[in-house]
There are 4 protein chains.
Amino acid sequence: MAALFRASRNLLQRCTRHGDVALASSRSMASKTPVGFIGLGNMGSPMAKNLLKHGYPVIATDVFPESCKELQDLGAQILDCPAEVADKADRIITMLPSSPNVIEVYNGPNGILKKVKKGTLLIDSSTIDPSVSKEMAVAAEKMGAVFMDAPVSGGVGAANLAKLTFMVGGVEEEFTAAKELLGSMGANVVYCGPVGTGQAAKICNNMLLAIGMIGTAETMNLGIRLGLDPKLLAKILNMSSGRCWSSDTYNPVPGVMEGVPSANNYQGGFGTTLMAKDLGLAQDSATNTKTPVLLGSLAHQIYRMMCARGYAGKDFSSVFQFLREEEGQ
Amino acid sequence: MAALFRASRNLLQRCTRHGDVALASSRSMASKTPVGFIGLGNMGSPMAKNLLKHGYPVIATDVFPESCKELQDLGAQILDCPAEVADKADRIITMLPSSPNVIEVYNGPNGILKKVKKGTLLIDSSTIDPSVSKEMAVAAEKMGAVFMDAPVSGGVGAANLAKLTFMVGGVEEEFTAAKELLGSMGANVVYCGPVGTGQAAKICNNMLLAIGMIGTAETMNLGIRLGLDPKLLAKILNMSSGRCWSSDTYNPVPGVMEGVPSANNYQGGFGTTLMAKDLGLAQDSATNTKTPVLLGSLAHQIYRMMCARGYAGKDFSSVFQFLREEEGQ
Amino acid sequence: MAALFRASRNLLQRCTRHGDVALASSRSMASKTPVGFIGLGNMGSPMAKNLLKHGYPVIATDVFPESCKELQDLGAQILDCPAEVADKADRIITMLPSSPNVIEVYNGPNGILKKVKKGTLLIDSSTIDPSVSKEMAVAAEKMGAVFMDAPVSGGVGAANLAKLTFMVGGVEEEFTAAKELLGSMGANVVYCGPVGTGQAAKICNNMLLAIGMIGTAETMNLGIRLGLDPKLLAKILNMSSGRCWSSDTYNPVPGVMEGVPSANNYQGGFGTTLMAKDLGLAQDSATNTKTPVLLGSLAHQIYRMMCARGYAGKDFSSVFQFLREEEGQ
Amino acid sequence: MAALFRASRNLLQRCTRHGDVALASSRSMASKTPVGFIGLGNMGSPMAKNLLKHGYPVIATDVFPESCKELQDLGAQILDCPAEVADKADRIITMLPSSPNVIEVYNGPNGILKKVKKGTLLIDSSTIDPSVSKEMAVAAEKMGAVFMDAPVSGGVGAANLAKLTFMVGGVEEEFTAAKELLGSMGANVVYCGPVGTGQAAKICNNMLLAIGMIGTAETMNLGIRLGLDPKLLAKILNMSSGRCWSSDTYNPVPGVMEGVPSANNYQGGFGTTLMAKDLGLAQDSATNTKTPVLLGSLAHQIYRMMCARGYAGKDFSSVFQFLREEEGQ
């Protein structure tokens, strides 16, 4: 029944694109059918809760039973594996740690694609290699399903508050359907282009973020060594062409700003390990597309070294501390 | 006479700091005594003209007679060498291409310090090594004069429109006196701290600017190769943590913004050679202070290579073009 | 029959390891059974010819019919696809351009593993990601076959002269069998350890080679700019701690050595594109194993840029020329 | 009298170059006139002792009285300052930590050039910026003296054993005279070209050495992580194109070689701080000559970071340990 609805939904939506607004809004009202959710980790768990809050029945699964229990208590139905979820829901969201997990959850022996129904909308919010997203989309299409990549920015705090930003790649006709669901979990849902471009946008942003953060840390450190007051230097940069998000919103130097990880011993925020992972994806994408990324590569190596030197669990702005250590006697 | 005035001006100013506003304003009215100006290049020439416009008698010199001629026609007095200027003016501004020129103009056989009068205010707006600024300050102090470094940001356009930003290092008591003069040539005059910190602020800003620009170019190029529309990618970055001046105000990708060098084949703007020079200064400062600047060093090397490959005369945002070239067959 | 032989060969060899030399030599005499060869490109073609020269019947295939024709004229049997080769030969050598080709030739719909016989020895001499080698080994093992990676160093010239060096990874018991075949095509056959370590050794060597070459080019260029005669500088480096293969055997500066690509406008030798590819593999391996390779990453980026700037077809020592260009007026 | 001798010595030597061997050898016999030595640190002290051993009367000075005492006990005459040494000796060797010390010892108020005699041979064995060497040569020439740069490689051990290598820059006519003295303290004396080229050769060698060492460390670490045995990997590299001094003579991986710092917890050898200093000089030279040194710059930054992280006192091969640390949980 849901599958049928979904199939007709596609038809409707295609009509809509030619102007039939009335039909589109009727589909929207019918949309509180069950939503599948796979991957109930630090990010996935609050995301699934927000779906429940918005009145969506949720059918979920995760490899860790404890993660399932909490959601079950809030009213979700828990199933044994991705294949079973695919058997029950025609809209499924996945939120997983890395490419191999995504491949397993979609293509594995108990994976979604073993039982996915024609017309099912599959939205993957994991941050993975865009080329893996494209492979999943091809595999889904063979089964008559639609795959979209929709990685997030914003972290656990934003996930809890339904303030995430989703960067969505996939067939444009499906974006409205995806946006309806993702809007329950985030504040911004941005359409980026064909499958893989959601990942591409996320990876690009984080590569530039890492470069800007390390650059800010090097610059602030150099300025301090040259005798400048850090607050004054930040002020000068922020009114000049050196300005960037890392200098004006998330300054890595303790004492310059309040309410940022540098004001709290680099606790919380966006972990160095996660940044290293995203930079690894950026590097892979650059290697595959033969794109020179000199600063991006070096930023990757720097975060890699930090992970090995005790900064893995700190916010990525701790690169200031990493660079800061004074030479000994 | 001027020397005397200047000596008393210092006294007055010190009083001012303890609250004597009335005296300070009387000094300000008396201040249209001659101002020396040494270095009438692309930047120095419009700066000196703005001093004339504001009613300051200007006594100038330059190694190129042609540069002097134009200013002379506008009413400036032209002398043969820096020493002669120092003999006539007790406030002197210098605007020179590099450290060796500054050393020559101050310490050379016909240099300022050969005839500088006690109490003279020396303001150097060249962008040079902060350690050279400090040396000049020490040398000036031995002669009873005061040296401040006041490098600018803003380029020839801003120099013409008196919209420069001055970053000023030196004794804080003299800042008001410096600001009065510099205010005729710029829109912002920022006090940065002791001698050399003006240079430090300029160098720091430009290092972070270069890192942000190369980072933006790498990121935009990677995104485009991954299938993203450049305008959309810029929009996403600018609403996210990848945002920086190079992405939101001076985007290096043709077609993304209007009115920037990338929209005009990288004509005008801030030349790659100048950026390479400033990054060389940043590198020197970092080496001297044993400060690690990994991205800053690599940015320096990249602009160095660009200079050698035909980009010397283009705006520094042409790094996008430099990185962009597709691999051949 | 061949499969049977092969199975018993394994038994024999295990005995051999416990000392039974007589049996081992009888296997060796029986060894001129047909050898499969897949991939008749610039490298594969002369390799296959050397097998023929040594009296091995060769059963070959390639996607390009022209490549097959020449070998057929020399007495090889040509079949339509890898699966058919696997049906006829119990020792197969593959020599392919990159990981995706290897995956296709082994795992594709007409791939080797569709018809491979139990006990078959599969030797892959392609240079690919060690993790792909490991996957192939697992897949081969499932079919009862043995997979070894055996990438080469030495180029087309060495392939023609049977002077290649093979770096072999795989089960140690099979090394003797592999060495027998590879010895017909190369001068050195080195056992490196478990599957994937042949690739690892190749990748490691080439990463260090690239670093040494770029380092030599930078150093020679710097020395020349500082007034040193290049021949003298090379001599000093080569008697000191700066010595490396790129300085003493393959110097990148024209006029320093004879008989190297730098003496011949960087024609011939090891192409920049191939080096960029190998550095991409090194980068992938480093990312996967979370190993910091700062110079290795930057070397990769430099060869990437060279490929985009007209150096793709030149020997990799042309990095000297790339760095050398003088800054313009 | 000595000055006179020295002046005639120059004449003699010029004759010698036109064939008068007899006169040259008579000068050589006359050469055990006093030699000045300034800078009695870890390197200078054993060097001066070797001069004494070879029968040269030594007239020395140093800022640390203790350093002088030991040499005095061995027969050297100790004076108060460089100027006094210059007053007594017409051949002077200086061995100082850095450029500012050299400038002070030559140009300072009690410096050599205050009392240097016409025809004096000044040999500076410090490792400093080649541009400073050139300045000193110009200043010496004004006083009628001859300045040569002659930095060493080889460390304290080689200094004790008179096994240093000297790289000598300066007027070629004076090389024989310099070689006579330097030969008492070293095993190799290499003529490099005009003034400054001795420094250039030293700096170039050490830059390539640093690149090779870091490259070897990265490569060995990557290979180990990929499953290769370190001794085997070193063997493969050393018979292949990855070979370099750091892989085959001074391998940074503990357990691969004996008798090197990596076999002794990175004690002894060539300290990381000294390498960082030399790379700073290489960077300065590259910046001044607008030479791109991408790997050289990054190597400098890596040793800079190591200095700040507890590796300052270890041998520079400890970069393997620096890169090696495993990522934590």
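## Second largest cavity

In this predicted model, the second largest cavity has a volume of about 60 Å³. Its lining counts 13 residues. Closest to the centre are Leu208(A), Gly212(A), Cys244(A), Gly242(B) and Cys244(B).

The top contributor is α11(A), with four residues. By class, the lining of the second largest cavity holds seven nonpolar residues, five polar and one charged.

## Largest cavity

The largest cavity has a volume of about 100 Å³. Its lining is made of 17 residues. Those nearest the centre are Gly212(C) and Cys244(C) from chain C, with Gly212(D), Arg243(D) and Cys244(D) from chain D.

Which elements each supply at least two residues of the lining of the largest cavity? They are α11 (197-225) and α13 (245-248) of chain C, together with α11 (197-225) of chain D.

Gly212(A) and Cys244(A) are among the residues closest to the centre of the second largest cavity. Gly212(C) and Cys244(C) are among those nearest the centre of the largest cavity. Cys244(B) also belongs to the central group of the second largest cavity, and Cys244(D) to that of the largest.

## Overall count

The structure holds six cavities of 30 Å³ or more.

Note on methods: Residues numbered from 1 in each chain as written. Chains lettered and ligands numbered in written order. Predicted model: local features only at pLDDT ≥ 70, side-chain atom pairs only at ≥ 80, totals over all residues. Heavy atoms only, no water. 1 Å grid on protein atoms, 1.4 Å probe; cavity = no way out; pocket = protein on both sides within 12 Å on 5 of 7 lines; lining within 4 Å. Points joined across faces, edges and corners; volume = space filled by probe spheres on them. Nonpolar A, V, L, I, M, F, W, Y, C, P; charged D, E, K, R; others polar.
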